[in-house]
Amino acid sequence: MALMVVKFDLKKRVKLAQTVWFMYWFAVLAGILVLSLGLFFKIELRKRSELMDNNESHFLPNLLIAMGLIACATNAFGGKVCYDSLDPTKFGKWKPMLKTFLVLCVGFNALLVITALLCFVMRIPLQFTLAEGLKNGMKYYKDTDTPGRCYMKRTLDLMQIEFRCCGNDNYRDWFEIQWVSNRYLDFSAKEVKDRIGSNVDGQYLMDGVPFSCCNPSSPRPCIQYQMTNNSAHYSYDHYTEELNVWRRGCRDALLSYYGGIMNTIGALVLLVTMLEVSVTVGLQYVDTSLSTLANPEDMESESEGFLLEKTVKETFTDIMAKMKVMGKGAKVEEGGEEGVASVS
């Protein structure tokens, strides 16, 4: 017994084909939207690619771009089929491939759902990517003369200013690395000798942060050096004083920014998926309503459209049976090839 049967006459079939045709071209625009979101996300990631630990972070935008391109092509084809369904002579050439096309559409819709889910869950690996990337980037902050790293200082400074953040987890991360290049250190000075001598790795560490960590909204001039030395500044206590540097870590700030983008994209992809499911169902009704004409030679005769030719359970059983047959066929072919090989 067919599932969700609907009776059609000529007027209803024409209205259905026109409606689905319109929805298909609207779905083409939705595909362009997915493509644009993928390009936007890829550009945003590339802006700070030096702070990413690996290239896997570009998997999601690349997937969105691919899904957008496929959506545009698929929906344009579906729209053409709906348009030609109004003319029996033109629709005949599409009829043999419609079932295959509808199966591919179902698979594509499943991929869209997976893509939307990835938009929500990719926040977790991105967190680790940013943590490691920022850690390495801060180490290279001082290497302004090293090829391949000379722009790291500029990248980090602009990022800290734009996102109002400081360090990886917080501003104290800068205390643990040497972020001032040796070319700007006076090695004859006692302070420099003492700081380098007191460090096992011979690094010049200090309780200070780059200027880009300073909060311009603070009424007090920025205290970015000797931040833990109360005697170095008038009326200052770093334990109780409201520091005039950004307290938020850049990993949290970037994760919040990219996470917001991914959540928005994920929600939009789910909406696009709903539209894609709708046009797939609509095309199925167009196909079945034309296939069940009471009199195929009379387009004005009544017909029935349905979502599935059998019930969901029967359809699932048939699919599993076909898959088993295909599996057995593959095993037989492998056995035949082995027999031929042994004879030769």
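A residue is called buried when its relative accessible area is under 20%. With that in mind, welcome to this predicted model.

**Figure 1. The whole chain at a glance.** Buried residues account for 40% of the 344 residues in the protein chain. The chain has nine helices and two strands, and from the N terminus on its elements run β-α-α-α-α-α-α-α-α-β-α. Take the contacts between residues at least 6 apart in sequence: 71% of them join residues at least 24 apart. The accessible surface comes to about 20000 Å², and 62% of this surface belongs to carbon and sulfur atoms.

**Figure 2. Spans annotated as transmembrane.** An unreviewed UniProt entry gives the annotation "transmembrane region" to residues 20-41, 62-81, 101-121 and 255-275. Two of these spans are pictured here. Residues 20-41 are 100% helix and 0% strand, with end C-alpha atoms 31 Å apart. Residues 101-121 are also 100% helix and 0% strand, and their end C-alpha atoms lie 30 Å apart.

Figure 3. The whole structure holds ten aromatic pairs. One of them joins Y141 and W179 edge-to-face, at 6.2 Å centre to centre and with 75 degrees between the planes. Y141 sits in the loop between α5 (123-139) and α6 (152-163), while W179 sits in the loop between α6 and α7 (190-197), so this pair, 38 residues apart, links distant parts of the chain. Both Y141 and W179 are buried.

Figure 4. F163 belongs to helix α6 and Y257 to helix α8 (residues 250-291), and the two are 94 residues apart.

**Figure 5. D84 and its surroundings.** D84 is found in helix α2 (residues 59-84). Its relative accessible area is 0%, so D84 is buried. A salt bridge joins D84 to K80, with the closest N and O atoms 3.6 Å apart. D84 and K80 both lie in helix α2, four residues apart, which is about one turn of the helix. K80 has a relative accessible area of 36% and is therefore partly exposed. Leaving aside residues up to four places away in sequence, D84 touches K90, F91, K93 and W94. D84 and W94 are ten residues apart in sequence, and their C-alpha atoms are 8.6 Å apart in space.

**Figure 6. A salt bridge across the sequence.** The count of salt bridges comes to twelve. In one of them, the side chains of R251 and D169 meet at 2.4 Å, N to O. R251 lies in helix α8 and D169 in the loop between α6 and α7, so the pair ties together parts that are 82 residues apart in sequence. R251 is partly exposed, with a relative accessible area of 24%, and D169 is partly exposed as well, at 42%.

**Figure 7. A salt-bridge network.** Salt bridges that share partners join E44, K47, R48 and E162 into one network. Within this view, the side chains of R48 and E44 meet in a salt bridge of 3.9 Å, N to O. R48 counts as buried because its relative accessibility is 6%, and E44, at 5%, counts as buried too.

Technical notes:
Residues are numbered from 1 along each chain as its sequence is written. This is a predicted model: local features need pLDDT of at least 70, side-chain atom pairs count only at pLDDT 80 or more; totals for chains, interfaces and linings use all residues. Side-chain values use heavy atoms; hydrogens and water are left out. Rings of Phe, Tyr and Trp (its six-membered ring) pair if their centres lie within 6.5 Å; planes under 30 degrees apart count as stacked, over 60 as edge-to-face and the rest as tilted. Buried means under 20% relative accessible area, exposed over 50%, partly exposed in between (1.4 Å probe, protein chains only). Contact means heavy atoms within 4.5 Å. UniProt positions are given in the numbering used here, feature names are shortened, and annotations may be inferred rather than shown by experiment. Accessible areas come from the Shrake-Rupley method with a 1.4 Å probe; for residues, only the protein chains shown count as cover. A salt bridge is a side-chain nitrogen of Lys or Arg within 4 Å of a carboxyl oxygen of Asp or Glu.
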